[in-house]
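Me: I have a structure open and would like to go through its packing. Could we take the sheet, the helices and a few single residues in turn?

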Amino acid sequence: MRVGRPWSVAGIVAGGAALVLLAPAAPSVAQGPTTTKPLPLERLFDNRAVGDDAAPGTADFDGAGNSLSAQDLRAAGWTPGRAIALDAARLTWPRSAGRQPDNVIADGQKVRLRGRGDALTFLVASSSPGGPGAGASGTGRVRYRDGSSGTYTLSAPDWRAGPAATKAVGLPHLNTADGQRQEAARLYAVTVPLRGDREVASVTLPKDPGPGADLHVFAASLRQPARGWTGSWAASTAGYTKVGPWTDQTLRLVVHTSAGGPGARVRLENTFAAAPVDIGHATVALQSKGAAAHGTPVPLTFRGRAGTSIPAGAQVFSDPVNFDVPADTNLLVSIHLPGPVAAVPVHTQATQRSFLSAPGSGDRTGEAGGEAYTGTLTTWPFLTGVDVRGGPGSVVALGDSITDGTKSTMDANRRWPDVLARRLRAPGAGVPAYGVVNSGISANRVVTDVYPGDGVSTVTSGVSAGSRLERDALAQTSARTVVVFQGINDLRWGTSAESVIAGLKGLAARAHARGLRVVGGTITPCEGEALCTADADARRSVVNAFIRDSGGAFDAVLDFDAVVRDPARPSRILPAYDSGDHLHPGDAGLQAMAEAIPLRSLTAH
């Protein structure tokens, strides 16, 4: 452990000349384990990670004179005191960043953090004076108002060597004592479970992880449960792609609800981005036909304002609006982008036509007619969720292209999660009428980040299920159950059965730790597709054997393999269910999958 105190410059006049000495700045409070009274996190700050590019020596994040660039952070929209929403948690970037200590090196300090939440989110990174490191991890403790307590494990990736796939924000430079260096620097949001039925009194940070690494905490927040809301529609960000640039244009995105309710809010995300994006205005409406709305679109606001700016990597929820949202209905969510916008976080395989106004056409969000929308899209940029007021909560379908609906009929909403949602609302279903949110990404894998999580790219396969689980499943609005149906892409590209099984176990364990029910789906056959070799099918059989008898990893099993396989040749899809590419079921196969799901398997008995 290094002493967690920043160095300040002290000028001493000697014989008419200024003698400059480096002296340790006095901390505002006693540090480390000697602090017994819980204090607000910012009063525990003992390290300065952020420095001005013009004076890089004023900050020392890692004990080797290196630091984050205040200018890079500002360019990303991470300005001092800014609220940053990440994975449904609201964090505050330190007001002192760039001027004074802005983080605490964890060593058993007690943080005053009070209230209720379903999880606890930290903004962290680790550092090592010897250069890029392996990260740091430690065990902390949460104390509740009723006198009980529990432990948690906080793991922080290294700020220079950690994965891009799970970063909260990435910066292009780091400052050194010799000037600025072109090297990526990253910060991470890490979420740990809480007892949601108890009120938190304080949080004790992990002890010093030992020589060679420090665990830095910049912010912490209790993630509030989304009481009174149900996730009705969702899409997972699959990549960050070049567009336009879009300049002073309006998107009109078509989405299909699962659950309905008397109010609505939307979620916009700037995932994987390097810069903030400005939202001029946004509205929501029922679709009439094409880009035309049924009635005047309802304006959306963001913390009382007509527009907002979303920092790089962050998300924003609109304020609730009184708007009756029917179940099983198409909505139009219109977003004005003042622009220019040259790259966007996007879900590429929408299997749904949406609309775009012409360059320079201005804010068309309030128009009921569709005449201004002269362009079409088959993607969903920025928009990742629509929630409705009320309802019992949601089922999250975590999957790949089969869940995403690839090869299903365009604009028809025949993905298997769509069919499942209709079944849950049918009279006599005998189970809660959950919303169903689709977190499928075409070509996604369980254990491999095909898209690395950083930079503009044509690759839109997403980061791995393990890397995106927090954002796309655990942080989804009022999630109750997660259906995990993935693995075929790992197997097609040569991943061992053992690695896929380990990945599935990890997903299930993390979801269970949050109190969610976890249901596993067996992997469907694909003989006849180029990468579906006999060896891949043999590994598929091994993984499916585990899913069917997981030893408690899964709470229930959906045997999709048994539903769609050809009884005469189990290594391939039944021809009647095959879309034609031998990998993806068509409409009939997707419907058969959804209709075979025992609805009670989605609920705790």
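Predicted model: local features only at pLDDT ≥ 70, side-chain atom pairs only at ≥ 80, totals over all residues.

Me: In what order do the five strands of the open sheet come?

Reply: The order is β33-β32-β34-β35-β36, with parallel pairing. Strands pair if DSSP finds at least two bridges between them. Strands (E, at least two residues) and helices (H or I, at least four) are DSSP runs numbered from the N terminus.

Me: Which are the edge strands?

Reply: They are β33 (435-440) and β36 (556-558), each of which pairs on one side only. From one strand to the next, the twist averages 25°.

Me: How many bridges join β34 to β35?

Reply: Four bridges join β34 (residues 479-485) to β35 (residues 517-521), and the two strands run parallel. V482 has V518 in β35 as its bridge partner.

Me: Which strands does helix α3 lie across?

Reply: Helix α3 (residues 416-425) lies across β32 (394-399), β33 and β34, and runs at about 170° to β33. Axes are lines fitted to C-alpha atoms, for helices over the stretch in contact, and angles run from 0 to 180 degrees between N-to-C directions.

Me: How do α3 and α9 cross?

Reply: Their axes come within 8 Å and cross at roughly 45°. That makes α3 oblique to α9, given that angles under 35 degrees count as roughly parallel, over 145 as roughly antiparallel, 65 to 115 as roughly perpendicular and the rest as oblique. The crossing is right-handed, a term used if the near helix is turned clockwise from the far one by less than a right angle, with anticlockwise being left-handed.

Me: Which residues make that contact?

Reply: W416, V419, L420 and R423 of α3 meet L590, Q591, M593, A594 and E595 of α9, where contact means heavy atoms within 4.5 Å. By class, the contact of α3 with α9 has six nonpolar, one polar and two charged residues. Ala, Val, Leu, Ile, Met, Phe, Trp, Tyr, Cys and Pro count as nonpolar, Asp, Glu, Lys and Arg as charged, and the others, Gly among them, as polar.

Me: Which residues of α9 are buried, and what do they pack against?

Reply: In α9 (residues 587-595), the buried residues are D587, G589, L590, A592, M593 and A594. They pack against α2 (401-404), α3, β34 and α8 (560-564). Buried means under 20% relative accessible area, exposed over 50%, and partly exposed in between (1.4 Å probe, protein chains only).

Me: And α6 with α7, at what angle do they cross?

Reply: The axes of α6 (residues 497-513) and α7 (residues 534-548) cross at roughly 30° and come within 9 Å. That makes α6 roughly parallel to α7. A497, V500, I501, L504 and K505 in α6 meet R539, V542, V543, F546 and I547 in α7. By class, this contact of α6 with α7 has eight nonpolar, no polar and two charged residues.

Me: Why is α4 described as largely enclosed?

Reply: Nine of the ten residues of α4 (residues 465-474) are buried, so the helix is largely enclosed by the rest of the structure. Among them are R468, E470, R471 and D472.

Me: Changing topic to S439: where does it lie, and is it buried or exposed?

Reply: S439 lies in strand β33 and is buried, with a relative accessible area of 0%. Not counting residues up to four places away in sequence, S439 touches S236, V396, A397, L398, G399, R468 and D472.

Me: Where is S67 found?

Reply: S67 is in the loop between β3 (50-51) and β4 (68-69). S67 is buried, with a relative accessible area of 0%. Leaving aside neighbours within four places in sequence, its contacts include W159, L174 and N175.

Definitions and conventions. Residues numbered from 1 in each chain as written. Heavy atoms only, no water.
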